[in-house]
Number of protein chains: 2
Amino acid sequence: MSNLEGKSTQELIALVQSLEKELAAERSSKNHVRPKIAVMTSEVVDSNPYSRLMALKRMGIVENYEKIRTFSVAVVGVGGVGSLILFDYDKVELANMNRLFFQPHQAGLSKVEAASHTLSLINPDVDIECNNYDITTVANFDKFLDTLKTGGLQGGPVDIVLSCVDNYEARVAVNTACNELNIEWFESGVAENAVSGHIQLLIPGETACFVCAPPLMVASGVDEKSIKKEGVCAASLPTTMGIIAGFLVQNTLKKLLEFGDVTPYLGYIALKDFFPTMTLKPNPTCDDPYCRKRQQEFQSRPKKQVREDAKEEAAVVHDDNDWGITLVDETPAEDSSEGKDALLRSQWHQEAPQASAPPVEAESVVSGGDDVKSLMKRLKELNQS
Amino acid sequence: MSNLEGKSTQELIALVQSLEKELAAERSSKNHVRPKIAVMTSEVVDSNPYSRLMALKRMGIVENYEKIRTFSVAVVGVGGVGSLILFDYDKVELANMNRLFFQPHQAGLSKVEAASHTLSLINPDVDIECNNYDITTVANFDKFLDTLKTGGLQGGPVDIVLSCVDNYEARVAVNTACNELNIEWFESGVAENAVSGHIQLLIPGETACFVCAPPLMVASGVDEKSIKKEGVCAASLPTTMGIIAGFLVQNTLKKLLEFGDVTPYLGYIALKDFFPTMTLKPNPTCDDPYCRKRQQEFQSRPKKQVREDAKEEAAVVHDDNDWGITLVDETPAEDSSEGKDALLRSQWHQEAPQASAPPVEAESVVSGGDDVKSLMKRLKELNQS
């Protein structure tokens, strides 16, 4: 810069012009975003980002993929699992870089801001709203409730809520809001040792809510806050998180676009490639008053209005089992869609052991009459073995 | 730019200086990459990108996570599944934007170049090598073979090959190379309708090679080239691809870092959240001469050298079953690690049906004596239902 003094006016003008050009090029390459696409088509050209998705219609998998544009999805927690109405109050740290989602230059940005930026580069057709606050404080909870209530594309409630948070309080906040607003939501989580996780669909009044029966993984975990305080961080594996995020979004797509079967609870035990599933019936004496209200509404609905898939969720009740958890092998469960039973009823679907899993393990998981505590214990053992 | 003529020399100099500053800022924000980290530590500070991974040691999951730095992994095919010795000859198109990995401004770049750029931004500690050519041509195959043979960190062979390709020819090329070089590899794939996929571990001489028994999904697929020619593209779902990629990398980590159990074959049927597993024994009359050579070497190895987990892979032989495929329920299979049998032997591990899967379906999959064709048929039906 020191030799600028010696330049002629013409040279300086040429220099300004060339710098302006470079800057424009730099900025355009950086902010290169494809234009929005008004109508989704299945046209097979390299420039169509929707051709692979619209092909699902031709293949008979999804009847109406375009319907995806009519949904509003709220995502609470922007970490390894979820990522559009985004809620998070955390900042991006280098310690979050063990994932594909955030990049080092985003360190210090709020997570919702960083995620929103990355997502809009990938797909500018999605409207993304950022909410950079903690939903568990009293004042913020009302804001959260209001956003869920009016966040739909037509001003009504959002279509679904995806919970991707890492603590109990935030899960209870999502649960309370969704019970009150009667919104279906998916809970998701990865264990602290990073080698197991789960997703769970919660339909107010129809399935157990989070307070009726906290997911086994969460219930068996150590309190995360106490761990963080000691300066010891939980482990995380981008692989486990990516798989759980995949299950979460895949089942969300199946739910919203109505194809395939949505799994009510899907677990993932990474060390064994073992995938436990189960269904959990609501607890009629649940502590959440809105949960009890939704249960009454669900039970008083005329039978033909009860959704088809609920009929397939059979309930097997064992009177000598407080938690009503039963294990299902190949036997078809009995039809019982009325949901009138006074017990928390659930099913634990047991898959056959993997190649290298000793059969004794599978046997002990299958043994009938297990309660939640012993199932939790078994899961812990599976994780640790 | 037209009003530059009227500016004084001092004004022009100030303008040049301010433009240079803006350009520098623009460039530094764009190329912000974290410095390399010489030693991985488990220190819990926000700026340590390895703290979450090193925590796996403290939790007793992985004995020596740092060992990850000693491995060389070859990835063939850079698409939705895999992504560091990268092999691919394709260019990034907007049609690839249904994934998180590529961004619109990368359209037109080679896939290896785009992937390498994104990966090095995320983790500059990984050495990434790009090979932008088709491995299936005669001339390129030798280059490919040589790269695998010398691509290890000490100049020896790479530690593992991950195949993430979308066609039969490329899979056979990887298979041929790995049999000749005696390198273990993972095959992966997603079906054309995007709602099922699999990963498979291939250990030359010990498991079936790709020519011994092509994976069911691949074998049941329509020829992709003919589809592409007609201007009709295969469907793809980033969810399915993300899950398969997750399974692939998770099992690669388990294999390289020696934790948990590596699953020999893991399938994923998205519509049912059904996860078939099986093991496939090599075919003593395989068309690939190097496969037969590796089988002889494996069989003549002293028993104590035979890896522990091979002992658990029991072989159940049915003489009236050409393909030797048998279905395993809870019954522990017999120990038979010698691998002396003249038949292609395998196991089909059947998981219990999911909540909403009608039991009749599971039954028909379980029925004994199925050959590969009828299994393929069943898988197709599962995909389509």
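Modeller: A crossing is left-handed if the near helix is turned anticlockwise from the far one by less than a right angle, and right-handed if clockwise. This is a predicted model: local features need pLDDT of at least 70, side-chain atom pairs count only at pLDDT 80 or more, and totals for chains, interfaces and linings use all residues. Residues are numbered from 1 along each chain as its sequence is written, chains are lettered from A and ligands numbered from 1 in the order written, and side-chain values use heavy atoms, without hydrogens and water.

Colleague: Is the crossing of H5(B) and H9(B) left-handed or right-handed?

Modeller: Left-handed. Helix H5 of chain B spans residues 168-181, and helix H9 of chain B spans residues 289-300. Their axes come within 8 Å and cross at roughly 35 degrees. Axes are fitted to C-alpha atoms over the stretch in contact, with angles from 0 to 180 degrees between N-to-C directions.

Colleague: Which residues make the contact of H5(B) and H9(B)?

Modeller: H5(B) brings Asn179(B), Glu180(B) and Leu181(B). H9(B) brings Tyr290(B), Cys291(B) and Arg294(B). Contact means heavy atoms within 4.5 Å. By class, there are three nonpolar, one polar and two charged residues. Tyr and Cys count as nonpolar, as does Leu.

Colleague: Why is the pair Glu187(A) and Arg171(A) called a salt bridge?

Modeller: The definition wants a side-chain nitrogen of Lys or Arg within 4 Å of a carboxyl oxygen of Asp or Glu. Glu187(A) and Arg171(A) have N to O at 2.8 Å, so the pair qualifies. Glu187(A) sits in strand E5 (residues 185-190) of chain A, and Arg171(A) in helix H5 (residues 168-181) of chain A, 16 residues apart.

Colleague: What makes Glu187(A) buried?

Modeller: Buried means under 20% relative accessible area (1.4 Å probe, protein chains only); over 50% is exposed, and in between is partly exposed. Glu187(A) has 0%, so it is buried. Arg171(A), at 5%, counts as buried too.

Colleague: What links Arg171(B) with Glu187(B)?

Modeller: A salt bridge, with the closest N and O atoms 2.8 Å apart. The pair ties helix H5 of chain B to strand E5 of chain B. Both Arg171(B) and Glu187(B) are buried.

Colleague: How far apart in sequence are the parts tied together by Lys255(B) and Glu184(B)?

Modeller: 71 residues. Lys255(B) lies in helix H8 (residues 238-257) of chain B, and Glu184(B) in the loop between H5 and E5 of chain B. Their side chains meet at 2.9 Å, N to O. Glu184(B) has 16% relative accessible area, so it is buried.

Colleague: How many salt bridges are there over all chains?

Modeller: Twelve. In chain A, Lys293(A), Arg294(A) and Glu297(A) are linked in a network of salt bridges.

Key. Helix = DSSP H or I, 4+ residues; strand = E, 2+ residues; numbered from the N terminus.
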